[in-house]
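I am opening my notebook on this model to look up how some of its parts are arranged. The entries follow the order in which I went through them.

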Amino acid sequence: HEGVGTLAWIVGGAVRDALLGLPVPEIDVAVSGDAESLARELEREGFGRAVFISRDRPGPRVFRVAGKDPLDIAEIEGGTIEADLQRRDFTVNALAAALDSGELLDPFGGRKDLARGRLRCVHPRNLLEDPLRVLRAARLMATRNLTPDRATLAASRRAAPRFRRVAPERVAAELWKLLGAASAQPAMSWARRAGILPAALRLKLSKGKAARAVRSLSVLEHRAIRALEPQQRRRLRLARLAAGLSLSPRKTRRWLRDLRAPRRDVDEVSRLRLLADSARRVKDRRDAWQWILEAGDLAPEALRLLALGSPRLKPLASRLRRMTRLPRARVPVTGDDVVRWVGIAPGPQVGALLAQLRLAAAMGTVRNRREARNWLTGQVPNAPHRL
């Protein structure tokens, strides 16, 4: 393409992260010519499928070459790369490296801001043009440890009334990265101060309720949480926010759907809320094992929420945590076994009996298939004789 006059630069976050010494998972390229023709050519060369992705975004056309190494190709704005960089959000993203020479363009002091850990907007009007950039500032605060300066906060507050116009899918993409970061509470607090938190969470919140919700996240800032995978951190923070906002498990599910959360997050965060609530009702050993079996793989996260929710529940959480580590019998019994042994038709009763059998095995009442058959026949009237 250079042969027909197209110039290209690696721009934005890829350059920023390379300067920070961080991995660069995706590369953004700005071109002086037709982005689509370049994307289609790369598709023909086997680099991945070319997809138009900027339909709902302000600014130039952007095409993604979706292959093993994703590549976004955008047409420059304003006729020159310098004019294009002038329209970007923050100085640390207004960086470009020429593909032909490797020359670094840094017209607004982005490298110096990176060295100082400072996030500074290129121009306040750029945030007004795309208010999603306010949430991006919070996300960069969480993921890149960059602190927005006073001018950026002031510009963000002016752009905040326009934030509700941003497409929910774009908001979700930034919010998930923020909530999956090692530390999120300071960035969420900044978003509240900037005036976008209720709109970002798609909730009508008073200033007091928004502040309380953010404060509820402070308990998820310690080392044990930071050591978790990003998806686990995000689930815990969403569940903690739902609890801080007094959302029931059902309302939590509806809220997460409004947020355009992935289906797995909707299911698991709702379950975490339900499990944290139901754990409070555990009274005896049977209740405890019943809860552990229902919780399954989510037990550790649910117990974290339980312990963090109230100091008086920490002993209960500790007891349940110890029980999850105890060895327990796993008796291999299928639904077909139940039907054959107790003489009932397939249906909900079979599933209920299997659940009760798992509980009996966990408690040590049933240790093998013979004992399982005898236990089952004792639960159903007129079942065949025991062995």
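I began with helix 19 (residues 335-342) and helix 20, whose axes, as lines fitted to C-alpha atoms over the stretch in contact, come within 10 Å and cross at roughly 105°. Helix 19 and helix 20 are therefore roughly perpendicular to each other (the word covers 65 to 115 degrees, with angles running from 0 to 180 degrees between N-to-C directions). I noted that the contact (heavy atoms within 4.5 Å) is made by G335, V338 and V339 of helix 19 and V350, L353 and L354 of helix 20. By class, I recorded 5 nonpolar, 1 polar and no charged residues there, with Gly counted as polar.

The model is predicted, so local features need pLDDT of at least 70 and side-chain atom pairs count only at pLDDT 80 or more, while totals for chains, interfaces and linings use all residues. Residues are numbered from 1 along each chain as its sequence is written, and side-chain values use heavy atoms, with hydrogens and water left out.

Next I looked up E43, which lies in helix 2 (residues 35-44), a helix being a DSSP run of H or I with at least four residues. E43 is partly exposed, with a relative accessible area of 30% (buried is under 20%, exposed over 50%, partly exposed in between, with a 1.4 Å probe and protein chains only). Leaving aside neighbours within four places in sequence, I found E43 in contact with G48, R49 and A50. I also noted that E43 and R64 are 21 residues apart in sequence and 10.0 Å apart in space, C-alpha to C-alpha.

How values were computed. Helices (H or I, at least four residues) and strands (E, at least two) are DSSP runs, numbered from the N terminus. Angles under 35 degrees count as roughly parallel, over 145 as roughly antiparallel, 65 to 115 as roughly perpendicular and the rest as oblique.
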